[in-house]
Amino acid sequence: MDDFVFVSGRLSLDLAGTLLWRRSRRIELLRSPADLGRWIQQAGLLDAPGPLDPRALSRTCRLREAVYTLVRAWPPTPAADTEVRDALAEVNEAARLPLPRHQLDGNGHLIRTGGVDEVLGAVARDAVDLLGGADFTRVRECSNEDCTRLFVDLSRSANRRWCGMAECGNRHKVANYRKRRQQTAH
């Protein structure tokens, strides 16, 4: 069962999206090492993440928050606060970690192996590439006022508003439809 949503267009933003509704009810999707293992597999990082412990979960959540902080504050000003400087150090440190190992087996199937270090390395390098590249100018926050998910708008017209239609976009359409029906009924 796929229980995570990958609509951000970037691995690092998809990880940042595992903490939902940051301004209000805050829903944590990575509640246990098993949740982290499912996210790693569903993100296509590793075929079998192996045993994960609370420390691996804590390290991943710390990187997630550093990515979110940096994307929201990028580019940092010379007077950037301690939180932004610490987030930059966290991402840069993780970006030096190794990447998942990709190999082909005898049948031509891709095998992805590694551990939490490789996962953190892949996420952090994606964040560095995003922040240092041309795609950063297309990073948006979902237009749902409660949603805090970030995404890269790669639409041709560059006017994507929602993190995803299945979640926030459809909710907005349904709410507008109900509002119009109520107005015409009165």
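A pocket, as I use the word here, is an open set of grid points with protein on both sides within 12 Å along at least five of seven lines, and its lining residues have an atom within 4 Å of a point. I'm working from a predicted model.

**Largest pocket**

I looked up who supplies the lining of the largest pocket: α3 gives the largest share, 4 residues. The elements that put in two or more residues are α3 and α4 (82–95). Sorted by class, I get 5 charged and 4 nonpolar residues, with no polar ones. The space in this pocket comes to about 150 Å³.

**α3 against α5**

Next I checked how α3 (residues 54–73) sits on α5 (residues 116–132): the angle is about 0 degrees and the axes are 10 Å apart. Angles under 35 degrees count as roughly parallel, so I call α3 roughly parallel to α5.

From α3, I listed Ala-56, Arg-59, Thr-60, Leu-63, Val-67, Leu-70 and Val-71. They meet Val-116, Asp-117, Leu-120, Val-123, Ala-124, Ala-127 and Leu-131 in α5. By class, this contact has 11 nonpolar residues, 1 polar and 2 charged.

**β3 and β4**

Last, the strands: β3 (residues 101–104) pairs with β4 (residues 110–113) in the antiparallel sense, over 4 bridges. I found Arg-101 opposite Thr-113 in β4. The two strands make a hairpin with 5 residues between them. In the turn, I noted a positive phi of about 80 degrees at Gly-108.

Note on methods: Residues numbered from 1 in each chain as written. Predicted model: local features only at pLDDT ≥ 70, side-chain atom pairs only at ≥ 80, totals over all residues. Heavy atoms only, no water. Axes fitted to C-alpha atoms, helices over the stretch in contact; angles between N-to-C directions. Parallel < 35°, antiparallel > 145°, perpendicular 65-115°, else oblique. Contact = heavy atoms within 4.5 Å. Nonpolar A, V, L, I, M, F, W, Y, C, P; charged D, E, K, R; others polar. Pairing = 2+ DSSP bridges. 1 Å grid on protein atoms, 1.4 Å probe; cavity = no way out; pocket = protein on both sides within 12 Å on 5 of 7 lines; lining within 4 Å. Points joined across faces, edges and corners; volume = space filled by probe spheres on them.
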